[in-house]
Amino acid sequence: MTDNQAWLHQQLQTLAQHQAKFTDRAFWVALDHLAAEQARRQDQLQGEIDGRTWRPDKW
């Protein structure tokens with residue numbers, strides 16, 4: 001997790017904790033899950049790019 005992703009996670013958690021209505025809190029929690037999923041996918045794609053770049057049989 002990068003610094004930006006950690007900061008975003010912390011901000012979304014704070015926003016969710018300060019919501020009085022369940023629907024508002026659910027929105028911020030879902031957005032936090034979405035951001036975490038995007039970070040996971042970004043990491044996977046970076047690994048795939050690295051793997052494809054260093055395959056000598058594909059050169």
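Predicted model: local features only at pLDDT ≥ 70, side-chain atom pairs only at ≥ 80, totals over all residues.
**Exercise 1.** Find the aromatic pair in the structure and decide whether its rings are stacked or edge-to-face.

*Solution.* Start with the count: the structure holds 1 aromatic pair. Its partners are Phe 27 and Trp 28, whose ring centres are 5.0 Å apart. Next, look at the angle of the planes, which is 75° for Phe 27 and Trp 28. Planes over 60 degrees apart count as edge-to-face, so the pair of Phe 27 and Trp 28 is edge-to-face.

**Exercise 2.** Work out whether Phe 27, Trp 28 and Val 29 are buried, partly exposed or exposed.

*Solution.* Keep the cut-offs at hand: buried means under 20% relative accessible area and exposed means over 50%, with partly exposed in between. Phe 27 has 48% relative accessibility, so Phe 27 counts as partly exposed. Trp 28, with a relative accessible area of 22%, is partly exposed. Val 29 is at 33%, so Val 29 is partly exposed too. To place Val 29 in the fold, look in helix 2, which covers residues 22-53. Then go back along the chain to Leu 8, 21 residues from Val 29: the C-alpha atoms of these two are separated by 12 Å.

**Exercise 3.** Locate Gln 19 and list the residues that Gln 19 touches, leaving out those up to four places away in sequence.

*Solution.* First, find the loop between helix 1 (3-17) and helix 2, where Gln 19 lies. Now follow the side chain of Gln 19, which reaches the backbone oxygen of Leu 15 at 3.1 Å. Finally, with residues up to four places away set aside, Gln 19 touches Asp 24, Arg 25 and Trp 28. Trp 28 is also a partner in the aromatic pair from the opening exercise.

Key:
Residues numbered from 1 in each chain as written. Heavy atoms only, no water. Helix = DSSP H or I, 4+ residues; strand = E, 2+ residues; numbered from the N terminus. Buried < 20%, exposed > 50% of the residue type's maximum accessible area, 1.4 Å probe, protein only. Phe/Tyr/Trp six-rings, centres within 6.5 Å; stacked < 30°, edge-to-face > 60°. Polar contact = N/O pair within 3.5 Å; in protein donor to acceptor, adjacent residues only side chain to side chain. Contact = heavy atoms within 4.5 Å.
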